[in-house]
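I opened my notebook to look up a few things in one model. My entries are below, in the order I made them.

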Amino acid sequence: MPSRRELIALTDDEMRAYAESARTLIIVSNGKDGFPHPMPMWFYADEQLNFYCTTFRKSQKVLNFRRDPRATLLIESGEEYAELKSLMVYANTEVIDDFDLVSDTLVKINTKGMDVDAAQIAKLLAAVAKTAEKRVVLKFTPERFVSWDHSKLGGRY
């Protein structure tokens, strides 16, 4: 008989679909004082479930990740206990300072879930150029996943 944890875990396909449907990811870096530093960020995930965000090059989270690349990521939803759903990711972080990648990441984040054509992408690339100069990409490569979907319990607590 499967454990309760096994019953509510998300499958790989469910994790991917959940990441695609979510807009906000909570990223947690480790501060120099030992306290966690959680921040909500817009993001996108690729097919391998690597997660990408952009942030300003001089932000506290960049300093934290340069010092310690370990991260915890969280996507969560649900208002009632029976609706609670989360994907938690333990990941290693890479800080990438590359204008083209930053621009591409900004476009992917801002068009997430939308159908866009080449002309719209070109227009967005032009629009993000000024801010992209000041930003870096945070790429999170998962080490392991922890997930739960209480709706799989069928209303049983």
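The entries go from the whole protein to single residues.

**Ground rules.** I am working with a predicted model, where local features need pLDDT of at least 70, side-chain atom pairs count only at pLDDT 80 or more, and totals for chains, interfaces and linings use all residues. Residues are numbered from 1 along each chain as its sequence is written, and side-chain values use heavy atoms, with hydrogens and water left out.

**Overview.** I looked up the secondary structure and found five helices and seven strands. Helices (H or I, at least four residues) and strands (E, at least two) are DSSP runs, numbered from the N terminus. From that end, I read the order α-α-β-β-β-β-α-β-β-α-α-β. The C-alpha trace spans about 55 × 45 × 25 Å along its principal axes.

Next I checked burial. Of the 157 residues, 38% are buried. Buried means under 20% relative accessible area, exposed means over 50%, and partly exposed is in between (1.4 Å probe, protein chains only).

Then I looked at contacts, meaning heavy atoms within 4.5 Å. Among contacts between residues at least 6 apart in sequence, 71% join residues at least 24 apart.

**Helix 4 and helix 5.** How do these two helices pack? Their angle is about 120 degrees, and their axes are 9 Å apart. Axes are lines fitted to C-alpha atoms, for helices over the stretch in contact, and angles run from 0 to 180 degrees between N-to-C directions. The two helices are therefore oblique to each other. The cut-offs are under 35 degrees for roughly parallel, over 145 for roughly antiparallel, 65 to 115 for roughly perpendicular, and oblique for the rest.

I noted the residues that meet. On the helix 4 side they include F99, V102 and L106. On the helix 5 side they include I121, L125 and V128.

**K112.** I found K112 in the loop between helix 4 (99-110) and helix 5 (118-132). Which side chain of opposite charge is nearest to K112? That is E20, 8.4 Å away. Lys and Arg count as positive and Asp and Glu as negative; His and the chain ends are not counted. K112 is buried yet has no salt bridge. A salt bridge is a side-chain nitrogen of Lys or Arg within 4 Å of a carboxyl oxygen of Asp or Glu. Leaving out residues up to four places away in sequence, K112 touches A19, E20, A22, R23, F43 and Y44.

**Salt bridges.** I searched the whole structure and got six salt bridges. D68 and R70 form one of them, at 2.7 Å from N to O. D68 is buried at 15% relative accessible area, whereas R70 is exposed at 52%. I then turned to a network, in which shared partners join D13, R16 and E47.

D13 bridges to R16, with the closest N and O atoms 3.6 Å apart. Both lie in helix 2 (residues 12-21), three residues apart, about one turn of the helix. D13 is exposed at 59% relative accessibility, and R16 is partly exposed at 22%.

E47 also has a salt bridge with R16, with the closest N and O atoms 3.9 Å apart. E47 lies in the loop between strand 3 and strand 4 and R16 in helix 2, so this pair ties together parts 31 residues apart in sequence. E47 counts as exposed at 52% relative accessibility.

**L49.** My last entry is on L49, in the loop between strand 3 (44-45) and strand 4 (51-56). L49 has a positive phi of about 60 degrees, although it is not a glycine. Is L49 buried or exposed? L49 counts as buried, at 4% relative accessibility.
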